[in-house]
Amino acid sequence: TIGLVPTRQRRITVEKCAINAVMAGCRPEYLPVVTAILTAMLDPTFNFHGSVTSTGGSAQLVVINGPIRDQLNLNSGVNLFGPGNWANATIGRAVRLVLINVCGAKPGVLDKATHGHGGKYSMVIAEDEETSPWPALHVTRGFPVDTSTVTVFAAEAPHNVQDHKSTTGEGVLCSIAMEMASAGSWSDGESAVIVAPEHARLL
């Protein structure tokens, strides 16, 4: 057993994860990542029920770190959130199918998102640790650099920050800050900022 969703007494098992992973098109070696994501979501600090049922319509943004990125050929570069990578797409789809088929989070039934967004199909990315000028996310969270981890974040649809004029890190940060301020929400939630390689170099 991976865990119990206490609000509805739904039990998530490895067997159920495997069935939904096959339906999503996952390869067998992806299953440990799928189960790790669901384990992370069941941590009380994540607020599993709220993230799945809210009218705000958040989706699970998953950041994968460590050696598993290369082992599974996860995309950490160009078109990071887009189509074209089998591992990124099917891992996210497997998690969504578990939420629907095991936890009952069917749109309009338990999933009460007003609009929803495309990230509910899949929003799984890997961090480009090798070219990043900063320590990897999992390292900043206390894990050894050679450990494979998943970080789960209940996220709105992405807001693409278009800045083709800034020539300094300060300019890029101002653009990001303005976009974050304009998102407009009464929520006291956090923001996840994904920085493109050219902007990372400026910063």
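This is a predicted model: local features need pLDDT of at least 70, side-chain atom pairs count only at pLDDT 80 or more; totals for chains, interfaces and linings use all residues.
Colleague: What makes strand 3 (residues 59–65) and strand 4 a pair?

Modeller: They share three bridges in the parallel sense, and two strands count as paired once DSSP finds at least two bridges between them, so strand 3 and strand 4 qualify. Residues are numbered from 1 along each chain as its sequence is written, and side-chain values use heavy atoms, with hydrogens and water left out.

Colleague: Why are strand 4 and strand 5 said to stand at the edges?

Modeller: The sheet is open, with three strands in the order 4-3-5 and mixed pairing. Strand 4 (124–126) and strand 5 (149–155) each have a single partner strand, so one side of each lacks a neighbour in the sheet. Ignoring direction, neighbouring strands are turned by 25 degrees against each other on average.

Colleague: Which helices pack on that sheet?

Modeller: Helix 2 (residues 31–41) touches strand 3 and strand 5, where contact means heavy atoms within 4.5 Å. Helix 5 touches strand 3 and strand 4, and its direction makes about 140 degrees with that of strand 4.

Colleague: How many helices and strands does the chain have?

Modeller: Eight helices and five strands, counted as DSSP runs numbered from the N terminus (helices are H or I with at least four residues, strands are E with at least two).

Colleague: Why is helix 1 called oblique to helix 5?

Modeller: The axes of helix 1 (residues 14–24) and helix 5 (residues 86–101) come within 8 Å and cross at roughly 125 degrees. Axes are lines fitted to C-alpha atoms, for helices over the stretch in contact, and angles between N-to-C directions run from 0 to 180 degrees. Under 35 is roughly parallel, over 145 roughly antiparallel, 65 to 115 roughly perpendicular, and the rest oblique. That makes helix 1 oblique to helix 5.

Colleague: Which residues meet there?

Modeller: Among them, Cys17, Asn20 and Ala21 in helix 1, and Thr90, Arg93 and Leu97 in helix 5.

Colleague: How do you know whether the chain agrees with a compact globule?

Modeller: The rule is 2.2 Å times the number of residues to the power 0.38, and the radius of gyration is taken over C-alpha atoms. For 203 residues that gives a value near 17 Å, and the chain has 17 Å, so the two agree.
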